[in-house]
Amino acid sequence: MGIIIKGNLFYIQSKEMSMIIENREGDLLLRHIGGKIANYHGSNAILEKDHAFSGNPTPDNRTFSYDTQRQIFGVHGFGDFRCPSLKIQHDNNELTQFKLKDSHILHGVVEATGLPSPHSTESAETLVFVLEDEFAKLRLTLYYTAYADCTSISTFAKISNLSDKAVVINRALSTMLDVPASNYDVITLQGAYAREKTVRRQKVEQGIFSIASNRGASGHAQTPAMILCDGTATEEAGQALALQLLYSGNFQAFVQKNQLNEVRLGIGINDDNFAWQLAAGDNFETPVALMTYSAKGLTHLSQESQLFVQNHIMPKQFAHVERPILINNWEATYFDFKKEKLLDLADEASKLGIELFVLDDGWFGNRFDDNRALGDWVVNEEKLGGPLSDLIDKVHAKGLKFGLWFEPEMISVDSDLYRAHPDWAIQAEGRAHTYSRNQLVLNLANPDVVAYIKSAIDKILTENAIDYVKWDYNRNITNIGNGDSALATKMQSHVYMLGLYDLVSYLTEKHSNILFESCSGGGGRNDLGMMRYFPQVWASDNTDAISRLPIQYGSSYLYPIISMGSHVSASPNHQMGRTTPIETRGNVAMMGNLGYELDLTSLPESDKEVIAAQVAHYKDIRQVVQFGKHYRLINPEQGANEAAVQFVYEGKTVVTYVRTLSTIETIETTLKLKGLEEVATYRLQETGQVFSGAELMYAGLTVTLPQGDYLSQQYYFVKQ
Ligand code: GLA
């Protein structure tokens, strides 16, 4: 476990994973990444042939080329014709050739400065490679951290300018991996607003397949992650390797298959609209990348990634703590509320057993609609019928916690903040603004702006007994042009992210008792960068139970279920117009962190009875869902008519099955459960029937639903 050095081989060993790197005369070559190997004797014969047209850096040696060697960062400009990891402009070119100067092992985790990093832990070890390009006077330091309890390795790179003049970094990936030729598939999580985390799987062919964001946020349409798996991999079998980035801004991830069918993967900051001026003596650190491996299929890959995120990324004080069942007033009232309405809603919620009341958008400044007042974080006492603390006291008195919505990174033109500081918006001087939801983005690359937001939000959180914050971000960045020079503007997007991480780490550390949920019009910034500070995320603005199935399926691929906010909303649904039974809306929302987002005060008694029962039941199964192992039994791929998931925790298991449309003349579905003990007896709580674990796993559980659309069934078994 940890880091082992044997001769010229470096072994980076996590729980079920090895990365083996060879030092070959100063070049670092990737011998293996994947299943655990204690002793490696591999030969490199295939790569040491005279592959015509591959450049050879050594005279009279036509068998060594950077183009055919498997590397951990691409040497740029010396015969490796694949996508490089670095492009650093120095003198009149971007050539770099780094050679190993030193390596050492550190205990624990090394954090990337100012960037989201895994928590420090005693059970981790970090291998540090120090490389130098003596000609360009640059140093490259690579950090690889191995974890004893997880099958993941984290890594990042630091570039140091040892020369006496500035250089410009034009590309700096966080990590790169070259893996042997094979038939691979690549899986990405894509989609759109209200359709986030759609699982896309395709064959890796010669050429480059990449995903990227240039929105200033990771975006709804892609996730900073890429999974390379055997073309034959299934949920239960086959090898898979996930690359993820702990970053919430512009990113890129690619897979490249070259002319020899060798495959290169990379992930890091997007170099579109990026450059970094590195002054003499300065350092630049890339965001942290995460590699997770499974030899046992995609479900196991997900479980390993979920475990790592929960154990090493999420704020510790929330990672293993049950999350409250909430009521959010957004779809209940939108902007149309007064104190009385909010208290009626809280009253009803409390009677139904709900635990947290969240006041969404519209409580501050002149915010009567979404065209104005962002930036004016002053309570609108007229609308709230008095000070915020009064409302909070009343909500607390009903036995509910209190949560509040903010959108701190934004500014409306119609706001006191804009009238005072029009230059604080991201903009290109002299040009008209580009609007989105009629709002602009504050320039978090300006420390004054960050200081203002820190104090404005801190004041409200300090003066009021707030238990939860929903941190929203409802547009993407355009008109980037605040720099003093073109180069400074190219640095702006990343400086923004450093400002954002400074802001959120300050507020979440100072108010460490507050549960923060991140949101960006739903899942527009649902990434590991935000999850390092905000342990919960509003997965989508689409609250339709049926539309949620593929969104929740995609979210489960890499992120823990405990991170996922999932609400029961009105029927017909506001986004889709679909009418879905309250039972199915509840069953789907119970596949994540249950919440309600509808006007409880106007529901028929029969619905309220169902909700009260759901809330009580969720309290029974909450640990199983939030702390349990998650298994995907039937995947709601596009066009699929069914979905089923299972959670297993401490002898308990919850199974949820949803059928979209009623069918006729097809036999009922049998679900083969997973992760149970063969010889144990499990009691179905709803009926008292008992089954053996082997029976549930190998003979299965046959679902019987009456005819009807959008029906579902949830089963809760407890080991006897
Ligand atoms: C975004 C969020 C919603 C809600 C509104 C408020 O769209 O995703 O949940 O908070 O903003 O304006």
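1. By class, 11 nonpolar, three polar and one charged residues form the lining of the largest cavity in this predicted model. Here Ala, Val, Leu, Ile, Met, Phe, Trp, Tyr, Cys and Pro count as nonpolar, Asp, Glu, Lys and Arg as charged, and the others, Gly among them, as polar. A cavity is a set of points on a 1 Å grid over the protein atoms alone where a 1.4 Å probe fits but cannot get out, and lining residues have an atom within 4 Å of a point.

2. Residues are numbered from 1 along each chain as its sequence is written, and side-chain values use heavy atoms, with hydrogens and water left out. As the model is predicted, local features need pLDDT of at least 70 and side-chain atom pairs count only at pLDDT 80 or more, while totals for chains, interfaces and linings use all residues.

3. The volume of the largest cavity is about 130 Å³. Among its 15 lining residues, Gln552, Tyr553, Met591, His630 and Val645 are the closest to its centre. Helix H11 (545–556), strand E31 (629–634) and strand E32 (642–649) each supply at least two residues of this lining; helices (H or I, at least four residues) and strands (E, at least two) are DSSP runs, numbered from the N terminus.

4. The second largest cavity has a volume of about 70 Å³. Strands E8 (138–147) and E10 (167–179) are the elements that give two or more residues to its lining, and E10 gives the most, with four residues. Its lining has nine nonpolar, three polar and no charged residues.

5. The structure holds 27 aromatic pairs, that is, rings of Phe, Tyr and Trp (its six-membered ring) with centres within 6.5 Å; planes under 30 degrees apart count as stacked, over 60 as edge-to-face and the rest as tilted. Phe364 and Trp405 form a stacked pair, 6.1 Å centre to centre with 10° between the planes. Both Phe364 and Trp405 are buried (under 20% relative accessible area; exposed is over 50%, partly exposed in between; 1.4 Å probe, protein chains only).

6. Trp424 and Tyr452 form a tilted pair, 5.5 Å centre to centre with 50° between the planes. Trp424 lies in the loop between helix H7 (416–420) and strand E25 (439–441) and Tyr452 in helix H8 (residues 447–463), so this pair ties together parts 28 residues apart in sequence. Trp424 counts as buried at 8% relative accessibility, whereas Tyr452 is partly exposed, at 24% relative accessible area.

Technical notes. 1 Å grid on protein atoms, 1.4 Å probe; cavity = no way out; pocket = protein on both sides within 12 Å on 5 of 7 lines; lining within 4 Å. Points joined across faces, edges and corners; volume = space filled by probe spheres on them.
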